[in-house]
Amino acid sequence: LGYKVVTVAISDLLGMNAVPTQLMLNVCISNRFDLKAVNELLEGVQACCENAHVDVVGLDLSTSRKDLIISVTAVGECEPARMLTRKGAKENELICVSGDFAAAYTGLLLLEREKKVFETNPSVQPDFSGKDYLLRRQLKPEPRLDIVEALRREDILPTTMTNVSDGIAAAIMQICRASNVGCDLFEEKLPMTELTFVTLKDLDIVHTVAALNGGDDYELMFTIK
């Protein structure tokens with residue numbers, strides 16, 4: 001969870017072609033959580049920050065009457081000429097995404113399925129064999145700093161960019177509305193791993209619907225000439 005909250009926060013910066021630099025964290029925690037759990041949460045935060053070269057410049061721990069509340073503020077840097085928004089896409093440009101989709105949503109479905117089994121029979125062990133990738137995409141998504149760095153290295157400046165956190169459909173609609181254009185999406189071009197496709201089929205979920213609407217991917221979408 002500590003790793004994921006950092007990814008969630010800095011992905012919005014990456015979605016504007018900015019490089020995240022600093023992070024401020026506020027954690028309200030109840031007495032349901034012991035010191036080990038708090039340390040593990042903060043270790044996850046530190047691990048993601050180290051991987052993304054982000055400095056934790058503020059940490060505030062306080063008590064909560066129940067549950068766990070986390071508030072994260074991320075700060076980044078970007079040259080004005082390279083900063084991107086959802087506005088600026090033109091006709092006949094290409095829509096690009098940084099990775100595959102629906103894996104995180106599929107991982108969530110597996111976790112929910114096994115939780116129901118556990119609640120019915122606590123002695124049954126969860127069955128996640130061969131599904132490590134799907135669980136990792138849901139529980140520990142990676143921020144796509146590598147994409148922003150690659151675009152800079154190759155001197156490629158997209159026309160628009162956004163973070164994809166709620167599925168492909170929501171992201172492209174935001175770009176289209178802001179840019180006052182429409183788009184064509186080709187079903188066979190939607191990037192998805194074979195593992196995701198097969199697992200969704202076993203769960204009786206239409207893979208296209210999952211890719212368009214699943215969410216929790218934290219990939220980047222951008223348009224280029």
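This is a predicted model: local features need pLDDT of at least 70, side-chain atom pairs count only at pLDDT 80 or more; totals for chains, interfaces and linings use all residues.
Close-up 1. You will find glycine 182 in the loop between α6 (168-179) and α7 (194-202). Now look along the chain to aspartate 204, which is 22 residues apart from glycine 182. The C-alpha atoms of these two residues are separated by 31 Å.

**Close-up 2. Helices α3 and α7 packing together.** Two packed helices are described by the angle between their axes and the distance between the axes. For α3 (residues 103-120) and α7, the angle is about 40 degrees and the axes are 10 Å apart. The two helices are therefore oblique to each other, and their crossing is left-handed. Which residues make the contact? On the α3 side they are Ala103, Thr106, Leu109 and Leu110, while α7 brings Thr196, Thr199 and Leu200. Sorted by class, this contact has four nonpolar residues, three polar ones and no charged ones.

**Close-up 3. The buried residues of helix α4.** Here we turn to α4 (residues 132-139), where Leu134, Leu135, Arg137 and Gln138 are buried. Why are they on the same side of α4? Around the axis they cover an arc of only 160 degrees, which puts them on the same side of the helix. And what do the buried residues of α4 pack against? Their partners are the helices α1 (2-14), α3 and α7, together with strand β6 (219-224).

Methods:
Residues are numbered from 1 along each chain as its sequence is written. Side-chain values use heavy atoms; hydrogens and water are left out. Helices (H or I, at least four residues) and strands (E, at least two) are DSSP runs, numbered from the N terminus. Axes are lines fitted to C-alpha atoms, for helices over the stretch in contact, and angles run from 0 to 180 degrees between N-to-C directions. Angles under 35 degrees count as roughly parallel, over 145 as roughly antiparallel, 65 to 115 as roughly perpendicular and the rest as oblique. A crossing is left-handed if the near helix is turned anticlockwise from the far one by less than a right angle, and right-handed if clockwise. Contact means heavy atoms within 4.5 Å. Ala, Val, Leu, Ile, Met, Phe, Trp, Tyr, Cys and Pro count as nonpolar, Asp, Glu, Lys and Arg as charged, and the others, Gly among them, as polar. Buried means under 20% relative accessible area, exposed over 50%, partly exposed in between (1.4 Å probe, protein chains only). The arc is that of the directions from the helix axis to the C-beta atoms.
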